[in-house]
Amino acid sequence: MSGSKWRLVLIALLTCALIFELGKFKKVGETINVQTGDTLELRCRGKPVQWSVPPYLEEDNDGRLRIVQYERYGVLTLVNTTGADTGEYTCYPMYCEDTDCRKEYSKAVKVFVFFPDPQELFVPLSDYYKVIQLRSNWPTVLPCQVTSPEAKVTLHREYPPVELDVDRREISFDVKKGFTIHRPRPYHAGALYCVASLGNLRQSSMKYMLIYVNYPRAPPAPVIQASPSTVTVGENLRVTCSAMGERDVAIEFTWDYPGQEESVIPVSGGTAQQQSQSVLLVDEVRDVDQGTYTCTAQNMQGAKSASTTIKVVPKAKPKKP
């Protein structure tokens, strides 16, 4: 029905035996465990719905994944399951107006499915290592995803070899996500890996190469000044663009102006902050140099611009004797 809103309930069928014994599906919580090799079936009420599955299944599922939309609900079926299928499965209700449909993200229903594998404690990955950027202003996640919620997982540094303290403030662990470094600092950089243990089995994850980047909190705010703002034909013009930034964070300047070549003079200083400056020099101003001069200052967080208007006046005619 066009424009209708549907309430979604996510339910799961773990094995064929379950449906024969109970005679019905059951509602699921935030997580469920499915033994590898069993069939996972998720039903989501709504007309229509869309599904999101772990990246591994989106890339290559060997025909094991089947999604069907019926009149009142959608069904996701996954057969011959493996530990690599561990992850979050999401059902999105679709809001439709005629043929135009969009996901209602705020009403999504999610379930995290573990597929415990007696041979693989970590979700298998094809890469030996992964490079992760530590941004000074953003939490960093090390996705050490285990196939079983019962596995004990620790975080280690390769050199010097040491187990890192997971204090839940600086570093925390979520069995559905991995380790999170909440406020990355330079000393967090280096090669890290996870170790999972369950019973007599102990395995190491892939290596994570962490590179620290001092990321700015906000784009720079440029201030532009012209000396003078009104110039006479034949005089020289100097337009200065300054921006305050953060220490060890580069600021790049670009100009948009009526004519002539620019000469950029970078100036920096200070300890906690850094002042950067770009100077546009116009020699022997002409009429075509009149107009708006715009300076854009940019760092890794974004860009902001500032403008000023330059007026060019003709030379005064010499007085007749």
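The sections below proceed from the whole chain to individual residues.

## Basis of the model

The model is predicted, with local features requiring pLDDT of at least 70 and side-chain atom pairs counted only at pLDDT 80 or more, while totals for chains, interfaces and linings use all residues. Residues are numbered from 1 along each chain as its sequence is written, and side-chain values use heavy atoms, without hydrogens and water.

## Overall composition

The protein contains two helices and 25 strands (DSSP runs numbered from the N terminus: H or I of at least four residues for helices, E of at least two for strands). Of its 321 residues, 42% are buried (under 20% relative accessible area, with exposed over 50% and partly exposed in between; 1.4 Å probe, protein chains only).

Among contacts (heavy atoms within 4.5 Å) with a separation of 6 or more, 66% join residues 24 or more positions apart.

## Nonpolar cores

A nonpolar core is a set of buried Ala, Val, Leu, Ile, Met, Phe, Trp, Tyr and Cys residues joined through side-chain atoms within 4.5 Å. The largest has 20 residues, of which Leu142, Leu155, Phe179, Cys194, Tyr208 and Leu210 touch the most other members. Strands S11, S13, S16, S17 and S18 each supply at least two residues of this core. Another core, of 19 residues, lies apart from it and includes Tyr257 and Tyr293.

Beyond four places in sequence, the contacts of Leu210 include Ile132, Leu134, Leu142 and Ile181.

## Arg135

Arg135 belongs to strand S11 and is partly exposed, at 24% relative accessibility. Its C-alpha atom is separated by 6.3 Å from that of Tyr212, 77 residues apart along the chain. Beyond four places in sequence, Arg135 contacts Thr140, Pro184, Val213, Tyr215 and Gln301.
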